[in-house]
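Subject: Structure handover

Hi,

Here is the structure we talked about. My notes on what turned up follow below it.

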Amino acid sequence: QVQLVESGGGLVQAGQSLRLSCKSSISIWSEDTVEWHRQVPGRTRELVARSGGDRNRTYSDAVKGRFAIIRDNVEDSFYLQMDNLRPDDTGIYSCKLGPRKYGVRTYDYWGQGTQVTVSA
């Protein structure tokens, strides 16, 4: 069973930094897309950052310039470096690997989520 294990969440003050990690139990291929999403209670889950197989990185407007998605395919891991955190960054952050194609089927793999809380 494929697992993505996240770590690095916690409670910080506004202006501080956190680095989230996502370790995959399967190899991350160079053509894979990896993403970070966040969920805030009462709101739909939103895409925060994406790194595509072409190494193109995209970010939501809310985090652009403050967050960076970093991948390490050798270690089968990827990270979300979060700087200058704000209280509205509070939420559950989940990592995602995929879509991964096996023949005609495609799969998305998700981590369990890690809580990030930013106090004012």
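The protein exposes about 6500 Å², and carbon and sulfur atoms supply 48% of that area. Accessible areas come from the Shrake-Rupley method with a 1.4 Å probe; for residues, only the protein chains shown count as cover. This is a predicted model: local features need pLDDT of at least 70, side-chain atom pairs count only at pLDDT 80 or more, and totals for chains, interfaces and linings use all residues. Residues are numbered from 1 along each chain as its sequence is written, and side-chain values use heavy atoms, with hydrogens and water left out.

Overall fold. The protein has 11 strands and zero helices. Both are DSSP runs numbered from the N terminus (helices H or I, at least four residues; strands E, at least two). The C-alpha trace spans about 50 × 25 × 25 Å along its principal axes. Of the 120 residues, 42% are buried. Buried means under 20% relative accessible area, exposed over 50%, and partly exposed in between (1.4 Å probe, protein chains only).

Arg66. This residue sits in the loop between strand S6 (57-59) and strand S7 (67-72). Arg66 counts as buried, at 9% relative accessibility. Its side chain reaches two backbone oxygens: that of Ala62 at 2.8 Å and that of Asn84 at 3.0 Å. Both are polar contacts (N or O atoms within 3.5 Å; within protein, one must be able to donate a hydrogen and the other to accept it, and residues adjacent in sequence count only if both atoms are side-chain atoms). Beyond neighbours within four places in sequence, Arg66 is in contact (heavy atoms within 4.5 Å) with residues including Met82, Leu85 and Asp89.

Salt bridges. The whole structure has nine. The criterion is a side-chain nitrogen of Lys or Arg within 4 Å of a carboxyl oxygen of Asp or Glu. Asp89 pairs with Arg38, closest N and O atoms 3.0 Å apart. Asp89 is in the loop between strand S8 (77-82) and S9, Arg38 is in strand S4 (residues 34-39), and they are 51 residues apart. Both Asp89 and Arg38 are buried.

Lys96 and Asp108 also form a salt bridge, at 3.6 Å between the closest N and O atoms. Lys96 lies in strand S9 and Asp108 in strand S10 (residues 105-110), so the pair ties together parts 12 residues apart in sequence. Shared partners join Glu35, Arg50, Lys96 and Asp108 into one salt-bridge network.

Best wishes
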